[in-house]
Amino acid sequence: MSTQTLLLIILSALIALGLVVFQYRYRSKLQGKLAVVLSFLRFVTWFVAFLLLVNPKFSRNTYSIEKSDLVVLVDNSSSIDGNEVRPLLQKIKQRTELSDKFNLRFHAFGGQFNNNDSLTFDERKTNIAAALKATNSIYAGKKNAVVLISDGNQTLGEEYEFFAKNGDSPLFPIVVGDTTRFEDLRIGQVNSNRYAFLKNKFPLEIYIDYEGENTVSFGVTVTMNGKKVYRENKRLSPSEPTTVISTLLNATSVGVKNISVSVSPLKNERNTTNNSRKLAIEVIDEKTNVFVISELSHPDIGTLIKSIESNEQRAVTVKKPSTAVTDLEEADLFVLYQPTRAFKNVLEYIKQKKANTFTITGPKTDWTFLNANQSTVTKNSYEQAEEVLPLMNSGFSLFGVSDFATTDFPPLTSNLGEVIISKPHEVLLSQEVKGVSLNEPLWAVSGDESVREAFLFGENLWKWRMQSYRSNGDFLNFDGFMGKLIRYLSSGKSKSRFSVDYERVYEGSDGAKLTAIYFDKAFIFDANATIDLQLRNSENGATRSLQMLSKGAYYEADLSDLPSGNYTFTATVAQERLSKSGSFTILDFDVEQQLVSSDYQKLGRLATNSNGKRYFPADMEVLLNDFNADQRFIPTQKSVQNVVSLIDFRMLLAILAASLAIEWFLRKYNGLT
């Protein structure tokens, strides 16, 4: 409390006393005990009133010790030996000097960063960069230290070697695993198409790496469904440690073909897990030919080619509208890009053939011509170009779009105008301009069992595919949707109330899932249905039953806990005679087992780039002593000054009211005015 405040309190007491003396001694002749009591009450009233005006305050200082965070990141992948890591963690937890100097934080990571330190050492992916980014985000704002316990082998994500934020959070890797470089022969990568066509050849590309000091000879064998289809002998040496084998295999029958690639092990090779790789392809007996008709050179054309041909079952051919109709016979589906009068012969051929079409319009579309030469869509175009954003229709039911998201998609360019669709149709996307919904279709799909059509009222579709890559790191969001649209348009089957979506081949069980969509008899999505899934392992006959979970707009079954093998399934809607069957293959592949030695050199560079230091398990005492001596992480004392009132004003008001009330009562009781 300041001297000034203390003087004001004393002055308040003196003034209150002076007023009491003036009122009860000078002006009033009241004597005895009653006068003393009334004088005291009047003194309390005046003194409290003055205290409220003075409002005395005092400062309270609180002190706290702020310690840096010591974040311990533990690699939880299957390539890590838990018996080597757990003693290291125990030493860190038991060292009291560390807990006195740091706030100890423990996290595990594999493919993703985990907010707990539960260790199983069974994750099949390692993303060191993601763990470092998450740590930097969570513990930002002060000087921290990060201990990274890992073998340095990353199988997923960005390159972590140069991850450092100007030394703000020094990194101290502890290299676990074997640092000895053994002679090793491994299959680095096998490339093949996901689909092949019956009675055709399909390519297979095999990358083989050698690490050692000798010249070695080995055999490379490829088998398909257990039958040997290729064999070659190769030689590698320290001067030529890599070779690539390219061959063509025959697709002789329809179905999923399991392909195994193996190299013969070396005499003293320690790790033979990486000497073989498995993959699968699906042999199909038909291919969809998509003809893109356009007289414009536009980025959308390239986007359509890339997106449609991302599935090897489809081939795209670009034609001019002036192409002779005899050259259009091979088309299974026509994509008409911004039709003009030059499309007259093409549209007449399409009408005659009753072919399915996907029409993309934009500012360069001749709507007068298009309105007169087809009967599905009529647009009263205002010839005013405008940027149009998509609004997803969650009730779209012609085919599954649960995995398609238009979040952050940029606007397309379209001519404003009223759109009238005369045939039965469903709107997939509607238009939004400057935050206002126009209640006009942006993307609509129409058709029946004979003819199917789709209309997109906007150009610059290439921006959506690029945004899909920016948001997700791949094109799957956009290409997957386009694949479903092309599959729907290129078939003539009627709409099904129950459909199941799945991959024919999963490379490992991680991320394997099966999705389904079910509509009631009015073709409205039913989120409360019960869909049972029966799974059977074709190799050992093991069966499993589970119920698919509703995800709001679709149903999903998680297959990530299934062992590798070939499976058949049947999905059934309870209380309905609706079911779908199929088969898929889960490959036995664990990338963590492909590398046997730790990458201590990269971890060393990571430590250097972040002003840290690399350690090995034998250096644990050195690490702990270095932390104790490191002046960068000395705890700091912080003080916080709080200024608070000496007396709660509510208490003063209560005392003031009580003193006035008691004085008034005593005066009335004794007949005083």
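## Charges over rings

The charged end of arginine 452 sits over the ring of tyrosine 488, at 4.0 Å from the ring's centre. A second example is found at arginine 465, whose charged end lies over the ring of phenylalanine 475, 3.9 Å from its centre. As you look at these contacts, keep in mind that this is a predicted model.

Together with Phe358, Phe396, Phe399, Phe404, Phe409, Trp443, Trp464 and Phe481, Tyr488 forms one aromatic cluster.

Across the model, the count comes to 27 aromatic pairs. One of them joins phenylalanine 409 and tryptophan 464, a tilted pair with 5.1 Å from centre to centre and 40° between the planes. Phenylalanine 409 lies in the loop between β18 (377–392) and β19 (412–421), while tryptophan 464 lies in helix α9 (residues 462–472), so this pair ties together parts that are 55 residues apart in sequence. Residues under 20% relative accessible area are called buried. Phenylalanine 409 has 6% relative accessibility and therefore counts as buried; tryptophan 464, at 0%, counts as buried too.

Another tilted pair is made by phenylalanine 569 and phenylalanine 584, with 6.1 Å between the centres and 35° between the planes.

## An enclosed strand and its partners

Now turn to strand β14 (residues 288–293). Of its 6 residues, 5 are buried, so β14 is largely enclosed by the rest of the structure.

Strand β14 pairs with strand β15 (residues 314–319) through 6 bridges, and the two run parallel. Within this pairing, isoleucine 293 stands opposite lysine 319 of β15.

## A three-stranded open sheet

Elsewhere, 3 strands form an open sheet in the order β6-β8-β11, with antiparallel pairing. Strands β6 (184–192) and β11 (242–250) stand at the edges with a single partner strand each, so one side of each has no neighbour in the sheet. From one strand to the next, the twist averages 20°.

The pairing of strand β8 (residues 201–211) with β11 is antiparallel and covers 9 bridges. To find one of these bridges in the structure, look for aspartate 209, whose bridge partner in β11 is threonine 242.

## The helix α1

Finally, go back to helix α1, which covers residues 3–26. At 1.5 Å a residue, its 24 residues should span 34 Å; the C-alpha atoms at its ends are 33 Å apart, which agrees. The buried residues in α1 include Thr5, Ile9, Ser12, Ala16, Val20 and Tyr24.

Definitions and conventions:
Residues numbered from 1 in each chain as written. Predicted model: local features only at pLDDT ≥ 70, side-chain atom pairs only at ≥ 80, totals over all residues. Heavy atoms only, no water. Helix = DSSP H or I, 4+ residues; strand = E, 2+ residues; numbered from the N terminus. Expected span 1.5 Å × (residues − 1). Buried < 20%, exposed > 50% of the residue type's maximum accessible area, 1.4 Å probe, protein only. Phe/Tyr/Trp six-rings, centres within 6.5 Å; stacked < 30°, edge-to-face > 60°. Lys NZ or Arg CZ within 6 Å of the ring centre and 35° of its normal. Pairing = 2+ DSSP bridges. Axes fitted to C-alpha atoms, helices over the stretch in contact; angles between N-to-C directions.
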